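Thanks for coming, everyone. Let me put the structure on the screen, and then I will walk you through it.

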Amino acid sequence: MQAILETIDLKMTYRVGKVDVHALRGITLTVNRGEYIAIMGPSGCGKSTLLHVAGGMLTPTSGRLIIDGEDVTAMTDAQRTEMRRRKIGFVFQRFNLFPTLTAEGNLKLAERIYSKHRNGAESEARRRILKLLKLEEKMHHKPLELSGGEQQRVAIARAVVNQPALILADEPTGNLDSENSKVVLDMLRGLNEELGQTIVMITHNPEAAGRADRVVEMRDGLIVSNDALVRG
Amino acid sequence: MDSLSLANLRQRPLRTAVSMAGVSLGVVLVTLMGGLTRGMTRDAANRQSNVDAEIRFLPGGPISITTSNPLMLSARYADALLHGIQPTPDNPAVEARPPVAGVMAATPVGQYLQAAGAIGFELVDGVDFQSLKDTSRIRIIKGHGLGDGSDEQSAHEAIVDKYYAEKNVGLDNHPVRVGSSIKVLDQTFTVAGIYDPPMLARVKIPLKTMQELFGGADNCSFVMIKVEKPEMIKQVIDTLNEYYPGNNVIPTSEIPALYSQNLFAVDVLLDVVVGLASVISTLVILLGMYTTITERTREIGILKSLGASKRLIVSIIEREAALISLLGVILGFVLSVIGRYSIQSSTRLIVDLDLKWILIAATIGMLGGLLGAFYPAVRAANLDPVEALSYE
């Protein structure tokens with residue numbers, strides 16, 4: 001199987017005042033195309049740092065990071081931005097939609113950033129994703145006019161609209177009630193199964209992790225378990 | 001991207017309005033100051049040239065249209081040009097000069113710049129009305145012309161043009177009309193007549209009265225000369241330079257250009273205004289965009305997470321600044337038109353909204369805005385994406 005995300009002995013050390021904080025102490029992880037994995041662990045174990053490094057938003061102190069066959073480790077800031085634009089879609093706990101734009105405006109903005117040449121007409125990918133996420137009726141609403149679950153679905157649609165190689169979701173159900181959490185997790189599962197979308201999701205929620213193909217557990221900047229789930 | 005910029009403008013209407021107002025202030029400053037200078041210069045220059053006399057004979061030295069020492073030239077030149085100079089028993093040493101061939105009429109004019117109204121200034125002419133009639137198209141449309149100023153009544157009479165009569169009130173606070181009293185050179189004058197067309201200063205008093213107010217010498221500021229035929233202008237100028245060297249002789253047609261050259265101080269003032277307007281526009285946009293970038297740090301983080309390059313983030317912020325600047329420039333022009341109307345209807349000032357100053361104002365507004373937004377834009381582009389995303 002083709003690896004979409006590959007980290008080899010990835011280390012990340014922050015300097016906080018005069019103290020070195022070892023957020024990642026040597027992470028080696030492979031995520032294959034079409035996989036849906038969950039990363040769990042207590043707060044401060046390095047989950048979010050790993051996600052930000054994987055998305056090219058942080059530069060690791062050492063180790064190697066390969067995204068869809070490209071070695072990101074040696075890339076410049078501009079090259080990492082370009083890689084993120086082409087290959088990564090982020091989903092955040094707090095949705096992070098542009099409040100001044102409608103749901104459609106948020107999607108169009110992501111499309112425009114992806115491709116300057118794409119016009120405002122509804123793209124085929126957008127139409128398909130909106131249908132899958134049941135958002136066709138919500139496109140002209142601004143984020144504050146939508147429920148939390150709907151906002152997160154718009155955020156997911158924005159993350160996948162450009163068909164990235166990898167979705168990085170940082171606690172996507174963290175701000176949702178159980179009913180909306182279930183809807184969002186169903187959507188992520190649907191994207192993975194129907195579109196073959198590769199997803200790496202951070203979560204504290206065992207129920208959410210249970211929807212993934214594999215659960216990676218982290219503690220103190222290290223992976224302590226990496227087990228495939230057996231579906232009943 | 002444009003929709004994001006537009007949406008941001010709509011989302012923060014107060015900030016948008018304040019930024020627009022700042023840019024428009026600069027535009028109004030430049031447009032009205034430039035227009036005012038041009039309007040007043042053009043009007044004064046037109047009135048200087050709006051006479052039939054083709055030549056102006058002035059004292060030697062640098063040519064100054066407006067001077068604090070107004071009467072520097074002997075008024076007898078007017079008579080000398082027409083009739084020549086002969087030695088007299090009183091003055092046997094004077095060098096004889098024949099009349100200047102081709103001169104049909106000549107009139108001495110005294111000119112003085114006095115403060116007028118709350119804002120502005122105005123020229124006052126001292127004229128010899130009889131010879132003025134011979135060198136210009138002046139006609140009295142109400143009342144009567146000026147006397148020679150040698151008797152008590154005619155010495156304190158004035159004539160004014162139609163514009164002055166329409167735009168001013170007399171000492172009785174009523175619109176100026178024949179019989180009104182007006183203040184000229186700190187003296188009270190009675191309006192004897194209203195004349196047309198406007199030429200030289202709008203207020204004219206007898207030259208003799210002006211001479212007495214300035215020390216009694218039989219002097220004037222310049223002599224206006226009318227030639228027999230237009231094709232004789234050059235010949236007359238050459239003769240004048242030959243007979244009376246050391247003086248300035250210029251064709252009346254060159255007066256408007258001369259006016260522009262004499263406004264060096266005004267040009268400096270305009271440069272200051274242009275500089276001030278640029279600083280205002282730049283600072284207002286800089287502060288506005290800096291504030292908005294701080295407020296929208298998290299949104300910058302989102303853009304970065306979507307893969308927006310630094311250049312794209314700079315361009316999004318610059319587009320927003322350009323939109324605000326454009327709206328500010330348009331608002332500035334609307335306010336300038338209103339300001340022009342207000343100024344012209346309540347004062348004697350004339351404002352020309354000409355293309356040159358409109359373009360300068362628009363350029364300042366737009367460039368100031370783009371320049372002001374550049375630092376906040378670069379700062380936003382260099383934000384750390386993770387820190388920006390966690391900004392509260």
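First, a word on confidence. This is a predicted model. Its scores are ipTM 0.91 and pTM 0.74. Chain B averages a pLDDT of 87, and 94% of its residues score at least 70.

Now chain A. You can count seven helices and 10 strands in it. The C-alpha trace spans about 50 × 40 × 40 Å along its principal axes. Chain A has 232 residues, and a compact globule of that length would have a radius of gyration near 17 Å. Chain A has 17 Å, so the value agrees with a compact globule. Of its residues, 49% count as buried. Take the contacts in chain A between residues at least 6 apart in sequence: 70% of these join residues at least 24 apart.

On to chain B. Here we have 14 helices and 12 strands. What radius of gyration does chain B have, against that of a compact globule of 392 residues? The globule would be near 21 Å, but chain B has 30 Å. Its C-alpha trace spans about 105 × 50 × 35 Å along the principal axes. Look at the domains next. Domain 1 of chain B takes in 2-40 + 265-389, while domain 2 covers 60-246. Their C-alpha centres lie 50 Å apart. Buried residues make up 41% of the 392 in this chain. For contacts in chain B with a separation of 6 or more, 81% come from residues 24 or more positions apart.

How do the chains meet? On chain A, 17 residues are in contact with 17 residues of chain B. Two helices of chain A, helix 2 (77-87) and helix 3 (103-114), each supply at least two residues of the side that touches chain B. Helix 3 of chain A gives the largest share, five residues. By type, that side of chain A divides into nine nonpolar, five polar and three charged residues.

Let's go inside. In soluble globular proteins, nonpolar side chains tend to be buried together. In this model, the largest nonpolar core has 110 residues. Which residues have the most contacts inside it? They are A:Ala157 and A:Val200. The element that gives the most to this core is helix 2 of chain B, residues 13-49, with 12 residues. Leave aside sequence neighbours within four places, and A:Ala157 is in contact with A:Leu107, A:Ile129, A:Leu130, A:Leu133 and A:Leu135. A second, separate core has 50 residues, and it includes B:Leu71, B:Val109, B:Val124 and B:Val176.

Now some single residues. Start with A:Leu168, in strand 7 of chain A, residues 166-170. Is A:Leu168 buried or exposed? It counts as buried, because it has 27 C-beta neighbours inside 10 Å. Beyond four places in sequence, its contacts include A:Leu51, A:Ile88, A:Phe90 and A:Val200. A:Lys138 is 30 residues from A:Leu168 in sequence, and their C-alpha atoms are 24 Å apart.

Compare B:Arg42, which sits in helix 2 of chain B. B:Arg42 is partly exposed, with 16 other C-beta atoms within 10 Å. B:Gly288 is 246 residues away along the chain, and the two C-alpha atoms are separated by 39 Å.

Last, the backbone. A cis peptide bond joins B:Asp196 and B:Pro197, with omega at about -5°. B:Pro197 is in the loop between strand 8 (187-196) and strand 9 (203-206) of chain B. In chain A, look at two residues with positive phi. A:Asp9 has phi near 45° and is not a glycine. It lies in strand 1 of chain A, residues 3-16. A:Lys134 has a positive phi of about 55°, again without being a glycine. You will find A:Lys134 in the loop between helix 4 (124-132) and helix 5 (148-160) of chain A. A:Asp9 counts as partly exposed, with 13 C-beta neighbours inside 10 Å. A:Lys134 also has 13 such neighbours, so it too counts as partly exposed.

Technical notes
Residues are numbered from 1 along each chain as its sequence is written. Chains are lettered from A and ligands numbered from 1 in the order in which they are written. This is a predicted model: local features need pLDDT of at least 70, side-chain atom pairs count only at pLDDT 80 or more; totals for chains, interfaces and linings use all residues. Two residues are in contact if their C-beta atoms, placed from the backbone, lie within 7 Å. Helices (H or I, at least four residues) and strands (E, at least two) are DSSP runs, numbered from the N terminus. Ala, Val, Leu, Ile, Met, Phe, Trp, Tyr, Cys and Pro count as nonpolar, Asp, Glu, Lys and Arg as charged, and the others, Gly among them, as polar. pLDDT is the predictor's confidence in each residue, from 0 to 100. Domain bounds come from an automatic or database domain assignment. A nonpolar core is a set of buried Ala, Val, Leu, Ile, Met, Phe, Trp, Tyr and Cys residues joined through C-beta atoms within 7 Å. A residue is buried if 20 or more other C-beta atoms lie within 10 Å of its own, exposed if 12 or fewer, and partly exposed in between; C-beta atoms are placed from the backbone. The radius of gyration is taken over C-alpha atoms; the globule rule is 2.2 Å times the number of residues to the power 0.38.
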